[in-house]
Amino acid sequence: MENALNLDTVVLSENGEAVVILDQTLLPGKTEYLTLDKAEDIWEAIYKLRVRGAPAIGVAGAYGYYVLARQFDTENMEEFVAKCTKMMEYLNSSRPTAVNLSWALNRMHAVLLNEKDGKTVAEMKERLKKEANDIREEDIQISRSIGAYGFELLEKLGRGVGIMTHCNAGTLATAKYGTALAPVYIALEHGWDPKEDLHVYCDETRPLLQGARLSAYEMQAAGVDTYVQCDNMASYTMKSGRIGIIFVGCDRVAANGDFANKIGTSGVAIIAKHYGIPFYVCAPSSTIDMTMETGEEIHIEQRKPEEVTEMWYKERMAPEGVGVVNPAFDVTDHSLVTGIITEKGIAYEPFKESFEKMGIKPVTKYVDK
């Protein structure tokens, strides 16, 4: 089993003409890459979770913007901008909850709008390529920094710590290292024994099993002592005393510290609060949406009922015609959060003030001078 750190989640093809993604819907059974150069295929890959994890989606969006922009056959800058605007809005419709997608697309579009004067379309295309590459490289450094802050928490707890995580916020969810699993990778770089010093418990994460398929795959491939548990076993494991800390990723953080993450996260946080287990959210600053005062404003994506009733079964499991509730995310109240680990440091309550001290500001849609 190959170490997941050696896998490229999202990259630009060598000829610069396509987005290349690791198809995560096939893991852990198959390791296959998709080469995408059509708007519909990039949109579908994001929507169908072929590429997933908020930071990785952002990188995919940035590369998608460039790949599609380079195909527009016009020398007229006004026409080029109009085509890019329409394309950006289309890609952004693929996943409404993860803020990193809109953040990356708006960052790409801001470069176009703010630097187009005095440039040819060809020059602007090259500039967009550089920006997309920059977004990916920055994501790697951001993940390493989050991992370093998380590792400091692990050091205080001591070797042999039990770590619980929900969904997958490892290297597969970013350009490299991940967010919630980044502290584990940094611990390994510092010489921690993967079997004796680290014990990772992965919630399977129904209904799409990102924990069982992806987090467990990553951790086992890295040699870490790894366990999979059904989501409804989290309370049992926490009560047993095996868990010293909980790290989760997220898709959007409101200014007050409320955050949206994969469905089931809020339940983990409630149980952790009951047992007094520290609960940390790992979030790049780009995931913090200061334009939203509370989590009540976060749009929750509703997904198809088939994911619950039949996706993982040879035969349909639930009765025909039964109603299905299938939200992709839930919102966890900030009162349940011990701290939010960003690349700029760890934020504590009151979160809005902490974010502001870190220099995190509301991001406008895009700036047009």
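What covers the buried residues of helix 6? Point 3 takes this up.

1. Basis. This is a predicted model, in which local features need pLDDT of at least 70, side-chain atom pairs count only at pLDDT 80 or more, and totals for chains, interfaces and linings use all residues. Residues are numbered from 1 along each chain as its sequence is written, and side-chain values use heavy atoms, with hydrogens and water left out.

2. Overall build. The chain holds eleven helices and 14 strands. These are DSSP runs numbered from the N terminus: H or I of at least four residues for helices, E of at least two for strands. The C-alpha trace spans about 65 × 55 × 40 Å along its principal axes. Of the 369 residues, 57% are buried. Buried means under 20% relative accessible area, exposed over 50%, and partly exposed in between, with a 1.4 Å probe and protein chains only. Among contacts (heavy atoms within 4.5 Å) with a separation of 6 or more, 76% come from residues 24 or more positions apart.

3. Helix 6. This helix covers residues 182–189, and six of its eight residues are buried, so it is largely enclosed by the rest of the structure. The buried residues are A182, P183, V184, Y185, I186 and A187. Their cover includes helix 5 (121–157) and helix 7 (210–221). It also includes strand 4 (161–165), strand 5 (198–203) and strand 7 (245–248). After helix 6 comes G191, with a positive phi near 90°.

4. Helix 3 against helix 4. Two packed helices are described by the angle between their axes and the distance between the axes. Here the axes of helix 3 (residues 77–92) and helix 4 (residues 99–115) come within 10 Å and cross at roughly 175°. That makes helix 3 roughly antiparallel to helix 4. Axes are lines fitted to C-alpha atoms, for helices over the stretch in contact, and angles run from 0 to 180 degrees between N-to-C directions. Angles under 35 degrees count as roughly parallel, over 145 as roughly antiparallel, 65 to 115 as roughly perpendicular and the rest as oblique.

5. Who meets whom in that pair. Helix 3 brings M77, F80, V81, C84, T85, M88, L91 and N92. Helix 4 answers with L101, S102, L105, N106, H109, L112 and L113. By class, this contact has ten nonpolar, five polar and no charged residues. Ala, Val, Leu, Ile, Met, Phe, Trp, Tyr, Cys and Pro count as nonpolar, Asp, Glu, Lys and Arg as charged, and the others, Gly among them, as polar.

6. Cysteines. The whole structure has zero disulfides, a disulfide being a pair of cysteine sulfur atoms within 2.5 Å. C167 is in none, and the nearest cysteine sulfur, that of C202, is 11 Å away. C167 is buried at 6% relative accessibility. For C282, the closest cysteine sulfur is in C250 at 8.4 Å, too far for a bond. C282 is buried too, at 1%.

7. Q24 is in the loop between strand 2 (19–22) and strand 3 (33–36). Its relative accessibility is 0%, so it counts as buried. Beyond its neighbours within four places in sequence, Q24 is in contact with T9, L49, R50, V51, R52, L172, R213 and L214. E131 is placed in helix 5 and is buried, with a relative accessible area of 8%. With neighbours within four places set aside, E131 is in contact with R107, M108 and V111.

8. Backbone points to check by eye. L27 and P28 are joined by a cis peptide bond with omega about 5°; P28 is in the loop between strand 2 and strand 3. R206 and P207 are also joined by a cis peptide bond, with omega about 0°. P207 sits in the loop between strand 5 and helix 7. L49 is not a glycine, yet has a positive phi of about 65°. L49 lies in the loop between helix 1 (39–47) and helix 2 (54–69) and is buried at 8% relative accessibility. C167, likewise not a glycine, has a positive phi near 65°. C167 lies in the loop between strand 4 and helix 6.
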